[in-house]
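Colleague: I am new to this one. Can you walk me through the terms as we go?

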Amino acid sequence: MNKDKGIKKKDYFEKKEDKYMKNDKIQSTQWNKHKAFLSFVLIPCSLLVTGCKDYLTAPEPGVQQLDDYFISADAAKADITGCYTPLMWEFNRTYSCEWFIGDIASDDALKGGQNTLDMGNVYDIENWKTTSNNDLLLDFYQAQYQGIGRCNLALKYIESMKEDTVLTPRLKNRFLGEAHFLRGYYYFRLLRVFGGTPLVTKVLETAAEWKQPRASVQAVFNQIISDFQFASNNLWLKSEYASSDLGRATKGAAQAMLLKTYLYMASPYWNKQLEGEAGEYAKKAVLYGDSVMASNEYSLCTEYADNFTLEGENGPESVFEIQYSAEPWGDYNEGFGFTSGTFTTRLVRSRSAVISRCNDAGWGFDHPTQNLFNEFEAEDTVRRATAILVPDPAEMENATEEIYLGSAYLNNKYGLYGIRLDHDTRGPLNNKQIRYADVLLMTAEARLIAGEGDAKALIDKVRERAGLEGTTEGDLTKALRHERRVELAMEGHRWFDIVRWGNAKAVMDAYKATESEEAQSHIATFIEGKHEIFPIPVEEIELNPMEQNPGY
């Protein structure tokens with residue numbers, strides 16, 4: 001990317017509206033009051049289940065104060081906006097982006113960074129040495145529960161708000177749908193990392209309610225389905241939202257998550273912990289996948305790479321994105337929620353300023369593996385180049401830091417090369433959580449499991465956009481899994497895919513055999529039945545005694 005284009009994009013994202021924190025109806029003074037409200041009420045309520053040691057000494061908010069706040073559509077909208085923000089959080093005690101698990105735990109990526117000692121929490125995740133005092137897992141766990149706490153409070157008070165000419169029944173139900181969607185989303189994120197965790201679906205108002213039992217995997221899945229079904233029934237289509245509200249949960253996003261949740265329930269690893277049959281769950285997944293496709297709200301971008309540009313945010317292929325902005329809402333190193341930007345750009349960008357194409361080096365985490373590079377077909381050049389940046393050795397300023405355990409490859413989707421950041425926290429590029437291509441592939445997979453519908457046509461539609469011929473693979477399951485890996489490469493999906501398919505050990509053992517002796521010397525043995533999920537943080541168990549995951 002040339003400098004002129006970089007300057008143009010910089011101007012674009014500096015002027016871009018903060019899509020979660022601001023909207024056309026909430027003025028800055030109102031938002032400042034809301035931030036104070038969140039810090040006083042929402043965060044303490046949510047921390048009842050996340051182990052906040054200061055909660056019992058904090059002033060308990062009076063019900064009358066809350067009733068006085070929830071009196072207008074603007075107040076309800078501002079409160080729902082606050083429910084989205086924990087999705088954005090990537091730093092507290094350490095950096096805790098979900099892709100540190102989704103990419104690096106898998107065969108798609110190595111940790112990277114300056115050396116093997118850089119971010120020991122991730123080194124442990126990468127090499128099957130994780131313990132229950134891993135700070136990344138603790139931050140991730142607590143962020144999800146803070147989100148759940150905010151949703152519970154919103155559901156309690158918005159439900160009882162009086163409707164009027166502004167807060168119409170339809171708008172009120174949309175707000176409630178957003179809260180249900182987000183609560184389901186936070187529980188889904190927890191489930192696939194930790195398994196069953198405590199289920200809290202109301203505001204906890206007394207210390208006596210603090211300790212909550214760990215729920216079964218079945219119970220958590222049931223709650224997730226219930227939340228997404230409510231959301232599907234009450235959220236609006238993407239096309240019905242004002243431009244200032246793009247990025248909020250939609251009916252299509254809720255249906256896509258029902259597709260995804262039922263697909264997980266039909267997948268071997270998770271299904272063995274459930275009561276229902278895989279085929280029945282798969283049939284339900286197919287119905288929701290078909291509904292998303294039939295809505296005509298989404299389509300594949302003509303150019304694959306457009307999904308990962310600032311101009312392409314919330315575009316035709318976007319089903320749900322975590323919204324980020326470069327606006328300076330907060331200060332560096334102050335913990336959860338103090339920036340509206342993402343750390344990911346700085347974390348994954350090359351450590352060499354020359355390679356950054358804007359004299360703005362990064363920290364070099366999330367190195368794609370040779371194993372992933374080799375997965376792409378020879379003709380699949382566009383997707384491979386979009387996912388993996390192959391740096392010029394002559395441009396490396398310090399090869400010993402740029403090359404991690406033999407890999408110099410870089411995550412090209414989120415490096416935002418050619419654009420300077422004015423702060424480490426302020427990467428503006430949204431995180432693409434659900435793309436329409438993912439919906440097509442999930443629906444194809446559900447059709448294969450259910451034994452009904454044309455799966456090949458959906459796989460081939462994704463391949464066609466990449467400029468490839470239809471699959472000739474006789475084993476469509478194998479073809480589907482290949483397509484998911486290359487289409488969604490470096491987007492944080494791979495680890496969760498191989499776990500749910502029930503072949504994580506086989507995949508990781510085979511991957512280990514392809515790595516260099518140096519890399520192999522760091523990798524511990526993958527233990528089936530243990531390493532598919534991660535330990536509940538010990539701090540949480542000490543504060544809320546519950547059973548630890550097997551082997552930890």
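Modeller: Start with the contacts. This is a predicted model. Of the contacts in the chain with a separation of 6 or more, 74% join residues 24 or more positions apart. The chain holds 23 helices and six strands.

Colleague: What share of the 552 residues counts as buried?

Modeller: The share is 63%. Buried here means under 20% relative accessible area.

Colleague: Which residues touch the most other members of the largest nonpolar core?

Modeller: They are F100, I101, I158, F181, L347 and W495, in a core of 150 residues. Helix α8, residues 169-194, gives the most to this core, with 14 residues.

Colleague: What does F100 touch, not counting residues up to four places away in sequence?

Modeller: F100 touches Y95, A105, M119, V122, I125, L136, L347 and F365. There is also a second, separate core of five residues, including M396, A408, L410 and Y417.

Colleague: Which residues make the contact?

Modeller: From α10, A256, L259, K260, L263 and A266. From α17, V439, M442, T443, E445, A446 and I449.

Colleague: How do the residues of this contact divide?

Modeller: Eight are nonpolar, one is polar and two are charged. Lys and Glu count as charged, so K260 and E445 are the charged pair.

Methods
Residues numbered from 1 in each chain as written. Predicted model: local features only at pLDDT ≥ 70, side-chain atom pairs only at ≥ 80, totals over all residues. Heavy atoms only, no water. Core = buried A, V, L, I, M, F, W, Y, C linked by side-chain atoms within 4.5 Å. Buried < 20%, exposed > 50% of the residue type's maximum accessible area, 1.4 Å probe, protein only. Helix = DSSP H or I, 4+ residues; strand = E, 2+ residues; numbered from the N terminus. Contact = heavy atoms within 4.5 Å.
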